[in-house]
Amino acid sequence: MSSYAETKYRAVTAFQRRLNAVARRLPAQTLLETTGRVSGLPRRTPVGGRRVGDSFWLVSEFGERAQYVRNIRADPRVRVRIRGRWHMGTAHLLPDDDPVARLRRLPRFNSMAVRAMGVGTGLLTVRVDLGEAGSR
């Protein structure tokens, strides 16, 4: 990764840590809950995306470097809070999907943020197959 990309990654992740602490508390914010790969504790990350049928689609702006992506790789069982309601699901990392084309089908504001904050070509599509509503 170039020094510019690394600097941008560090700046954006520092900003997101502060912003996410606030966003997680907003009742309308969509959240992705993964299990920490080391701690085993629930980790909640504000995300943008769109539900299509029984799937929830999102694009990770840092691809494989995103902590929630690393957690999904270790344990794909997740929960997604959509419109205040939790849904159990299984996450799938889709490196062969075109994340730029996928962003065109996701909410415009989120797509702009992913493009602005993302680093280079590190985007990664994530699909969550949703199951029953409820808790773990």
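This is a predicted model: local features need pLDDT of at least 70, side-chain atom pairs count only at pLDDT 80 or more; totals for chains, interfaces and linings use all residues.
Strand E1, residues 31-35, is joined to E5 by 3 bridges, and the two strands run antiparallel. Within this pairing, Glu33 stands opposite Arg79 of E5. On E6, 6 bridges are found to E5, again in an antiparallel arrangement. Here Arg77 has Thr90 of E6 as its bridge partner. E5 and E6 together make a hairpin in which 2 residues lie between the strands. Arg83, in the turn of this hairpin, has a positive phi of about 50°. Strand E5 is largely enclosed by the rest of the structure, because 5 of its 6 residues are buried.

The largest nonpolar core contains 18 residues. The members that touch the most other members are Leu32, Phe56, Tyr68, Ile72, Val80, Val126 and Val128. Two or more residues of this core are given by each of E4, H2, E5, strand E6 (85-94) and strand E7 (124-133). E7 supplies the largest share, with 4 residues. Another core lies apart from this one and consists of 5 residues, including Trp57, Val59, Leu103 and Leu106. Around Ile72, beyond its neighbours within four places in sequence, contacts are made with Leu32, Thr34, Val78, Ala91, Leu93 and Val126.

Ser60 belongs to strand E4, which covers residues 55-60. The relative accessible area of Ser60 is 0%, and this residue is therefore counted as buried, the limit being under 20%. The side chain of Ser60 reaches the backbone nitrogen of Gly63 at 3.1 Å. When residues up to four places away in sequence are not counted, Ser60 touches Ala66, Tyr68, Val69, Gly122, Leu123 and Leu124. One of these, Tyr68, is also listed among the residues of the largest nonpolar core that touch the most other members.

Apart from neighbours within four places in sequence, Pro76 is in contact with Gly89, Thr90 and Ala91. The C-alpha atoms of Pro76 and Ala91 are 5.0 Å apart in space, while the two residues are 15 residues apart in sequence. Ala91 is also one of the residues in contact with Ile72.

Definitions and conventions
Residues are numbered from 1 along each chain as its sequence is written. Side-chain values use heavy atoms; hydrogens and water are left out. Buried means under 20% relative accessible area, exposed over 50%, partly exposed in between (1.4 Å probe, protein chains only). A polar contact is a pair of N or O atoms within 3.5 Å; within protein, one must be able to donate a hydrogen and the other to accept it, and residues adjacent in sequence count only if both atoms are side-chain atoms. Contact means heavy atoms within 4.5 Å. A nonpolar core is a set of buried Ala, Val, Leu, Ile, Met, Phe, Trp, Tyr and Cys residues joined through side-chain atoms within 4.5 Å. Two strands pair if DSSP finds at least two bridges between them.
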